[in-house]
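Hello,

Here is the structure I promised to hand over. Please open it first, then read my notes below.

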Amino acid sequence: MKIVCDTNMPYAAEAFGTLGEVTLKDGRLIAADDVRDAEALFTRSTTKVNVRLLDGSAVRFYGSGVIGTDHIDIPCLDARAIAWTAAPGCNAESVANYVTAALLWLGGCHGFTLEGKTLGVVGVGNVGRRVCRHAAGLGLRVLANDPPRTRDPGDREAQTFVSLEQILAESDIVTCHAPLTKTGADATWHLLDTARFGQMKPGAIFINAARGAVADTDALIAALGTRVSHAVIDCWEGEPSYRPDLLARADIATPHIAGHSYEGKVNGTAIVYQKACEFFRRPAACPFTLPPPPVPLCHADAAGRTDEDVLREVVSQVYDIAADSDRLKTSCVTDTTARAAAFDAQRSRYPMRREFTSTRVSLANATAALKGKFAALGFEVTA
């Protein structure tokens, strides 16, 4: 059986090689000719899985190793009786790590304290839940918004959710984790437009680690410096092309890598591999053993320091978010094609980043409260 896989899926050859003959190719370059005689296709979000790709193909199973589905023409798959799966929740912890690192970095750069501020989370699925948990661990007041969940009377957690209007009016920080949808009562395309940015609490921080088009780029740029004081942008309208004028205004600008922790990417491969094994009625034979983390242990002394300073020190050792931002900003060139190519290259060659859960933290002179904050972020705290 011929199988085509995105080269950016870790363990692709080892895992899918247990099912057939694997061909690896850059996800953005996978074309109809590549899948013509393939029975299985596995990609991440850069491949548009649609009629153009699948017409005349032999594909019987498709697996997407990411949580989103806006790159998939689901009616096309259903019409062709192609079984498919995504990987919901695979990189939720990775995105929560990204938001935490961004907030701590912003607080250090601009001299503000996070504890006691209000964080509004728009979209409370697998990712949003983790973001809420991390935020609570940092001492933030959390407001959550997710209309589809709120309408479910059996969803007890969602009964505490609030309206988007309340999120915008009361939040010092607004972070988006909603899927991109263009139709229906809960459409999220340009959910944050001129009117809604105008409803934000003056001086708010805006984070987009969902999909670029959840925010209207023109409206966001206009809001920066008026309603919005700082922006953290990981997702961009028109990726891999992006607006250099937004990049210039963003405090942190990254090439859609919030979910690119090594664990998150491996989880994505593992989830679709398991589903493929079930579909083809084959035993799952790949163990997905992770290598040792680059930072297995951090030491920190809390004597005479604020909790956030200690958290910032440790988090920056495990994930230097400023380095990711600097790489994208220094690669920004005038030529649109070259700029897009650099964006894609940074995604495909992204250095190994491990999640907080991979690192143990040894704390001296720490309070029980500080140890609890590290534990809430996923770190293993040692004596």
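**What I found**

Helix α5 (residues 92-110) packs with helix α6 (residues 126-137) at an angle of about 40°, and their axes are 8 Å apart. Axes are lines fitted to C-alpha atoms, for helices over the stretch in contact; angles run from 0 to 180 degrees between N-to-C directions. Helices (H or I, at least four residues) and strands (E, at least two) are DSSP runs, numbered from the N terminus.

This is a predicted model: local features need pLDDT of at least 70, side-chain atom pairs count only at pLDDT 80 or more, and totals for chains, interfaces and linings use all residues. Residues are numbered from 1 along each chain as its sequence is written, and side-chain values use heavy atoms, with hydrogens and water left out.

α5 and α6 are therefore oblique to each other. (Under 35 degrees is roughly parallel, over 145 roughly antiparallel, 65 to 115 roughly perpendicular, and the rest oblique.)

Which residues meet? Ala92, Glu93, Val95, Ala96, Asn97, Val99 and Thr100 in α5 meet Asn126, Val127, Arg130, Val131 and His134 in α6. Contact means heavy atoms within 4.5 Å.

Now the sheet. Three strands form an open sheet, ordered β12-β13-β14, with parallel pairing. Two strands pair if DSSP finds at least two bridges between them. β12 (297-301) and β14 (380-382) are at the edges with a single partner strand each, so one side of each has no neighbour in the sheet. Five bridges join β12 to β13 (residues 360-364). Asp301 has Ala364 in β13 as its bridge partner. Helix α13 (residues 307-318) packs on the sheet and touches β12 and β13.

Best wishes
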